[in-house]
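Me: I would like a close look at one part of this model, followed by a connected account of the side-chain contacts elsewhere.

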Amino acid sequence: MPTPTSSEASGPLAVETVGLTRAYDTLIAVADVNISIPKGSVFGLLGPNGAGKTTTIKMLTTLLHPSQGQARVAGFDVVRQAAQVRQYIGYVPQMLSADADLSGYENLLIFSKLYRIPAGERQQRIEETLSFMGLSEVARTLVRHYSGGMIRRLEIAQSLLHHPQVLFLDEPPWVLTRRLAMPSRNTCGPCGSAGGLRSFSPPITWRRPRSCVRLWLSCIKAGW
Amino acid sequence: MGQTLAVAEAEVRKLRHDPVELLTRAIQPTLWLLVFGQVMSQLRGISSDGVSYRDFLAPGILAQSVMFIAIFYGISVIWERDSGVLYKYMVSPAPRWALVVGKALGSEVRSLTQASVIWILSALIGVHLRLELGAILGMLVLALLGSAIFVTLSLIIACLVKTRERFMGIGQLLTMPLFFASNAIYPISLMPAWLRVVAHINPLTYLVDGLRTLMLTGGSSAFGLGLDFAVLGLSTLLLVVIAARLYPTILT
């Protein structure tokens, strides 16, 4: 799968929303959100519980249709070009979402096939990703025997496997930020604290720092 | 296609890690065949279309066990939704129909193992089986189609009811009527008129009918194999289309 350079995807923004709204019956979960996130940046979406952060992420990751407004991710419309959006994003859901009945390696293998990574590249990509996340030694162990932190690392690995342009993390937990805070040459800087929140440092080593957008759309609970 | 196989592969790999389920699943049909079948074959009251009752029952139990496995399979999707795994599948570029067909294929592996166990068991207790390659292959295709129908039906129910508790309720509610309103354990000719109507719109009936033809040396089809395959094939197609439509709604 070729990773497109920034010139291929239209528009200079990684994420752009105009009047993005989601209503459930009478309840308006997300009202008129306008965000513009340039490529190469880290963006944190903050708000108290129930503010609509997850709903916003679900709309941006094509899981939920907006009731009104538009959103473009990696240059593609989340409704009309959902398939392209899915090709270029990585997503780590709020819940622990690796398959517990498979090994770490198998989790990655299945997703490498879902993302159509060519057969010749699969093994190398999987091994690289596993070793980057420090999971090589437990690659053949069933995920049900992993610790919570290991599962989180595996999920990140899963979401990076296809070299996405935009990465979404829904409520990235502590354990992960510590792990990823390891210094490294391609690390992007920590993002600062915001209004009384504990600072969140999600730097990450990216294999192709120039061609990829490093965007962390993160949700942090208030009061951490 | 590769994406469909990837979804199925995940299921197969899970089974390989924990094959105990396959064994426990085989117990119930074994009891039907050995206990129910042996006792009922002493009765002379059931006119079993020219074959012994034991022979008559074997394809019915094979179809039943395929259906039982398939119809509860949808709960795994609810489980995957609750655990979050499904979100990642939905965010992947795999088309919805590929996810649905992949799930169905994954379940086919269970159904086919089950079918093989019952077939071997039937051979052991002296059911008069057709041993031609063509008939056996035809039987496998039928079992695959039958399983696909009930798996996709199960996925559709999962998308509609969304919770495990409700799903189990509906599953229980469906299996017995589907089983009893079919020709699985007695011929349709014994049924009251209203039940015959139900039996004729029940896909399980066509599965059993086809299996009886292809499995038994003395078996004869009430509807014709062509109709059996056509009904099962078209039902599968229709249900896949509906399931692919509904699949994303399970998340909301």
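Is T17(A) buried or exposed? Please begin with that residue and its surroundings, then go on to the aromatic pairs and the salt bridges.

Reply: The model is a predicted one. In it, T17(A) counts as buried, because its relative accessibility is 3% and the cut-off for buried is under 20%. The residue belongs to strand β1 of chain A, which covers residues 13-24. Its side chain reaches the backbone oxygen of V33(A), at 2.8 Å.

Chain A also has a charge placed over a ring. The charged end of R140(A) sits over the ring of Y105(A), and the distance to the ring centre is 4.1 Å. An arrangement of this kind is found in chain B, where R212(B) lies over the face of F56(B) at 3.5 Å from the ring centre.

Chain B is described by helices: there are 11 of them, and zero strands. Along the sequence the pattern reads α-α-α-α-α-α-α-α-α-α-α. The chain has 252 residues, and buried residues make up 55% of them.

Next come the rings. A pair of aromatic rings is described by the distance of the centres and the angle of the planes. Over all chains, a search of the whole structure finds nine aromatic pairs. One of them joins F179(B) and F180(B): the ring centres are 5.2 Å apart and the planes stand at 35°, so this pair is tilted. F179(B) is buried, at a relative accessible area of 0%, whereas F180(B) is partly exposed at 35% relative accessibility. Both residues belong to one aromatic cluster, together with W32(B), F36(B) and F68(B).

A further pair is made by Y206(B) and F223(B). Here the centres lie 4.8 Å apart and the planes are at 35°, so the pair is tilted. Y206(B) is in helix α10 of chain B (residues 203-215), while F223(B) is in the loop between α10 and α11 (225-246), so the pair ties together parts that are 17 residues apart in sequence. With 8% relative accessibility, Y206(B) counts as buried; F223(B), at 22%, counts as partly exposed.

On the surface of chain B there is a nonpolar patch formed by I27(B), L31(B), L34(B), V35(B) and V39(B), with about 430 Å² of accessible area together. One of these residues, L31(B), has its place in helix α2, residues 20-40 of chain B. L31(B) counts as partly exposed, at 47% relative accessibility.

That leaves the charged pairs. Side chains of opposite charge can pair when their charged atoms come close. Over all chains, the count comes to 18 salt bridges.

Among them is the bridge between E9(B) and R13(B), with 2.8 Å from N to O. The two residues are four apart in helix α1 of chain B (residues 2-17), which separates them by about one helical turn. E9(B) counts as buried at 17% relative accessibility, and R13(B) is buried as well, with a relative accessible area of 16%.

D82(B) forms a salt bridge with R164(B), and the closest N and O atoms are 2.7 Å apart. D82(B) lies in helix α4 (residues 75-83) and R164(B) in helix α8 (residues 164-180), both of chain B, so the pair ties together parts that are 82 residues apart in sequence. D82(B) is partly exposed at 30% relative accessibility, and R164(B) is partly exposed with a relative accessible area of 29%.

E132(B) and R130(B) also meet through their side chains in a salt bridge, at 3.1 Å from N to O. E132(B) counts as partly exposed, with 42% relative accessibility. R130(B) counts as partly exposed too, at 23%.

Finally, there is a network of salt bridges that includes residues of both chain A and chain B: it links D99(A) with E11(B), K14(B), E21(B), R25(B), E80(B), K103(B) and R110(B).

Definitions and conventions:
Residues numbered from 1 in each chain as written. Chains lettered and ligands numbered in written order. Predicted model: local features only at pLDDT ≥ 70, side-chain atom pairs only at ≥ 80, totals over all residues. Heavy atoms only, no water. Phe/Tyr/Trp six-rings, centres within 6.5 Å; stacked < 30°, edge-to-face > 60°. Buried < 20%, exposed > 50% of the residue type's maximum accessible area, 1.4 Å probe, protein only. Lys NZ or Arg CZ within 6 Å of the ring centre and 35° of its normal. Patch = residues over 30% accessible without salt bridge, like charges linked within 9 Å, V, L, I, M, F, W, Y side chains within 5 Å. Areas by Shrake-Rupley, 256 points an atom, 1.4 Å probe, with all protein chains shown as cover. Salt bridge = Lys/Arg side-chain N within 4 Å of Asp/Glu carboxyl O. Polar contact = N/O pair within 3.5 Å; in protein donor to acceptor, adjacent residues only side chain to side chain.
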